[in-house]
Amino acid sequence: MITQQAAAATRAKVDTAVADGAVLLCGNHATGSLYTPTVLEDVPAACSIWQEEVFAPVVMLQPFTSFEDAIEQANAIDYSLHAGIFTSRLDRALTAARLLEAGGVMINDSSDYRFDAMPFGGFKYGSMGREGVRFAFEEMTQPKVVCVNHITDVVQ
């Protein structure tokens, strides 16, 4: 983590989720700024760790009853950078990508997959614009429009 305080804050969020009924499968150890990867299961939807962006090595596993239920659960929160979908059904993955309210959808790869040329940014309250080569170029330039009506047959 970036600081010892950030690791401690993440641990506190996980501790709160566990106290509220989440199941800790592994992790949640902090030593200085080192925070071990953590896996939670059945995190109550009211927990802040479920509702807010964690920005830490924490993953939450949540069961769903149908495809529609999975999409509804994913879209129920106010923040969404990227989503990761793992499936052998490309048609279903592309449908999910269309329905998910996320800045990016990675199919059969981690939601943190990224290369510099692709746009990166969130959706809903998780969006402050986009990062990437094109967006950096646009941010550092000032467009100007110049129009010329060049008339060659002007009576003098």
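Let's start at Ser88, which sits in the loop between strand 7 (82–85) and helix 4 (90–99); helices (H or I, at least four residues) and strands (E, at least two) are DSSP runs, numbered from the N terminus. The model is predicted, so local features need pLDDT of at least 70 and side-chain atom pairs count only at pLDDT 80 or more, while totals for chains, interfaces and linings use all residues. Residues are numbered from 1 along each chain as its sequence is written, and side-chain values use heavy atoms, with hydrogens and water left out.

- Ser88 is exposed, with a relative accessible area of 76%; buried means under 20%, exposed over 50%, and partly exposed in between (1.4 Å probe, protein chains only).
- From Ser88 to Ile107 there are 19 residues in sequence and 9.7 Å in space, C-alpha to C-alpha.
- Ile107 belongs, with Val105, to the uncovered face of strand 8 (residues 104–107), whereas Gly104 and Met106 make up the covered face.
- Strand 7 and strand 8 run parallel and are joined by 4 bridges; two strands pair if DSSP finds at least two bridges between them.
- In strand 8, Val105 has Ala83 standing opposite.

**The sheet with order 1-4-5**
- Three strands make an open sheet: 3 strands in the order 1-4-5, with mixed pairing.
- Strand 1 and strand 5 are at the edges with a single partner strand each, so one side of each has no neighbour in the sheet.
- From one strand to the next, the twist averages 30°; axes are lines fitted to C-alpha atoms, for helices over the stretch in contact, and angles run from 0 to 180 degrees between N-to-C directions.
- Strand 1 pairs with strand 4 (residues 38–41) in the antiparallel sense over 3 bridges, and Leu24 stands opposite Leu40 in strand 4.
- Helix 1 (residues 4–19) packs on this sheet and touches strand 1, strand 4 and strand 5, its direction making about 25° with that of strand 4; contact means heavy atoms within 4.5 Å.

- Strand 1 (23–26) and strand 5 (58–61) are the elements that give two or more residues to the nonpolar patch.
- Leu25 has its place in strand 1 and is partly exposed, with a relative accessible area of 45%.
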